[in-house]
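Try each task before reading its solution.

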Amino acid sequence: MATSMKSIRKVILWNLSKKSRHFSTSQSHCNRHETEQLKRETPKLSGSTSEIVIPNRIPRGPTSILKALASTVERDPNAPAYYLVDDPYLYPTGFIPKKNYALSKAAGKRAAKHIVEQHPEFFQNDTSHPKVEAFMPPKTEYQTTGANEEALKERIEMRRVKDAIALYTEIKLEEMEVSEETLLDLLDLLCVYNNKDPPEELYGEETIYLSKHNRKAAKTWEDFTAAEKLFEDLPRKSARAYNTIVTGMAKGLASENAMSKYNEMLENRIPVDLETFHHLIEYGTMTADSHKEKWSLVTAMLHELKNQGLQPTLETFRCVLSALGSMASHQNSTHYVMKTLAEMKKLGIEPSLSCFANVLDVFYNKPNDRSDMLKKVVDYIWEKKVPINGSDDLHFFFLAMMKNSRTLKDVEIATKLEVLARKHDVISGPVQYVSVFYSLYFKLLCMYDTIEHVMEVYNQIVPHIWMLNTEEYEELFKAVELYEGYQYIPQIWSDMQFDLMKLNDIVNLVISSMAKVKHEEQLQNQFCDIAESLISRWISDQQFISTMRRPSRYLSLMLTATGMGDLITISCNGNRFNQAWLIFSTMKDNPNSFEGVPSGPAFTSLVELCIQNNKPEQAIDVVVYMCEHGLPDGKTSIEKIQTQMSLTDGQKEYLGRLVN
């Protein structure tokens with residue numbers, strides 16, 4: 001048996017090897033045939049050799065791959081921001097819940113940081129390679145003590161400004177030698193942080209809700225501080241020392257001091273670096289008494305910059321445009337802006353979004369300015385895909401939307417700005433920008449666009465990107481009534497439940513819109529369901545308040561008399577007699593709970609519904625209420641009851657006395 005198996009295995013292997021040789025021979029024959037055919041088809045090159053051209057290297061950053069992947073997807077409008085992600089049932093939607101959630105998260109991080117700082121001995125197990133200092137407990141104790149240069153260097157490196165000032169003062173009293181390099185490092189520290197310890201950095205969640213960007217800041221530089229004293233103590237006032245002190249003064253808006261030091265530099269022929277020129281152009285020129293003098297200072301600095309052999313950059317032109325933005329009322333400011341932009345184009349420098357923000361400040365300085373510059377700027381950004389490089393760039397979107405809403409009122413421009421804002425993730429920036437931006441955008445759409453497009457945008461931004469305020473809800477319901485988009489009211493009402501803080505301000509507006517006209521059965525039933533939920537909630541709120549020791553009417557849903565009348569109209573349009581009667585009874589039994597005067601047509605509709613349902617007693621109660629409150633059509637309603645209903649003798653007699 002074993003012998004037969006071996007012989008079978010030999011036969012199989014021989015067959016396989018034969019097939020393999022046949023396949024190899026066939027394959028080699030095919031390859032030879034293809035090669036000969038390719039030689040025949042390839043044209044002969046006469047005296048030329050093909051060259052391999054290596055493309056230029058494209059610089060890649062550490063996150064280039066992540067950015068490429070991110071460019072393939074878009075934000076899900078139905079998903080909350082990343083920092084708000086939680087169990088779906090717990091997603092905050094209103095402004096106050098979002099803010100509380102975010103700041104609570106940041107407070108938890110601060111609590112954890114406090115524990116780490118107070119008990120660093122419990123957090124020494126570091127397994128990271130290489131070691132990441134930022135993840136380790138911060139160094140709170142100094143390694144070097146005593147009044148010496150090494151201790152001063154350590155405090156400078158740790159950015160302990162007040163400790164560094166105190167130690168330097170002690171070193172001066174002991175008349176110890178300190179190297180020029182260390183003194184310049186100390187001057188850098190004092191000028192950067194304006195003689196104060198660095199402010200505590202905000203967490204991402206705090207940045208969104210607490211950061212404030214004020215383009216017109218006040219002076220923060222204090223005169224005769226440690227920085228100025230240190231500068232005067234320097235044995236040799238080098239170019240670095242002058243540039244540092246001038247930059248610090250200019251950033252602190254001590255413009256006169258900065259310009260004085262700058263003039264000293266020019267007199268002593270001390271070179272001025274490019275960053276110092278930037279701060280002087282933007283802030284130092286504030287000392288000028290007039291716009292004409294200010295522009296003369298700017299041009300003089302630009303000439304000096306050129307004379308010193310420095311090449312202007314994007315930041316240089318941004319500072320020039322910023323200076324022009326602060327003198328927007330000057331008659332020639334638009335001319336100077338165009339000259340600046342032309343110079344940028346000549347040098348091949350693309351303007352940034354913050355540059356364009358300053359351009360808009362100049363061209364739309366007055367409320368009635370109707371220049372087409374905004375359209376040109378937005379089209380340029382749309383085509384060139386200008387990136388965002390800082391908080392000033394974020395300000396551009398807010399400013400552009402504001403200028404468009406107040407002057408041009410162009411829906412196309414507003415829509416492009418909104419698309420660009422979402423593309424650049426501006427919606428994840430400080431809430432002050434996002435709120436104002438979308439408020440202006442949405443109100444503009446409600447006034448000048450179709451209700452279909454308004455609701456399309458509405459569905460993309462509510463509730464996770466932005467929630468409407470009372471003003472926006474008013475504009476939205478005006479658009480609903482103007483374009484008869486009543487079919488959207490149930491959805492809007494459902495979204496309003498996310499932000500109950502605003503419900504009292506707009507609930508009567510919703511009721512009024514639903515009561516305008518009678519609708520087809522399905523929509524009318526939805527309106528009746530909303531009306532039923534409102535009256536049920538009002539009754540339950542009153543029952544809860546009655547159990548309180550100190551009742552407050554502001555804790556309940558607040559309905560007006562007109563709103564109650566509209567609720568009756570809605571119920572009558574849906575032929576819901578019991579619901580309409582409940583609303584009427586509630587209003588009748590609580591006369592002091594509803595402000596205003598009810599509308600007459602609502603009660604006329606209720607009388608007609610009573611007639612349809614053959615409810616004579618209820619109809620008489622309604623006309624009595626109408627007569628007591630002096631509402632119109634009371635006599636007409638009585639006549640309808642007398643002619644269209646079967647009444648008892650007592651009821652007929654009572655109605656007769658009521659008419660007389």
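**Exercise 1.** Decide whether S637 is buried or exposed.

*Solution.* Start with the cut-offs: buried means under 20% relative accessible area, exposed over 50%, partly exposed in between (1.4 Å probe, protein chains only). S637 has 2% relative accessibility, so it counts as buried. Finally, list its contacts (heavy atoms within 4.5 Å): leaving aside neighbours within four places in sequence, S637 meets T604, V607, V623 and M626.

A word on the source: this is a predicted model, where local features need pLDDT of at least 70, side-chain atom pairs count only at pLDDT 80 or more, and totals for chains, interfaces and linings use all residues. Residues are numbered from 1 along each chain as its sequence is written, and side-chain values use heavy atoms, with hydrogens and water left out.

**Exercise 2.** Find which residues touch the most other members of the largest nonpolar core.

*Solution.* A nonpolar core is a set of buried Ala, Val, Leu, Ile, Met, Phe, Trp, Tyr and Cys residues joined through side-chain atoms within 4.5 Å. The largest one has 170 residues, and F396 and I492 touch the most other members. Helix 19 (residues 431-448) gives this core its largest share, 10 residues. Now look around I492: not counting residues up to four places away in sequence, its contacts include M455, Y458 and F477.

**Exercise 3.** Work out whether L66 is buried or exposed.

*Solution.* Go to helix 2 (residues 64-70), where L66 lies. Its relative accessibility is 57%, so L66 counts as exposed.

How values were computed:
Helices (H or I, at least four residues) and strands (E, at least two) are DSSP runs, numbered from the N terminus.
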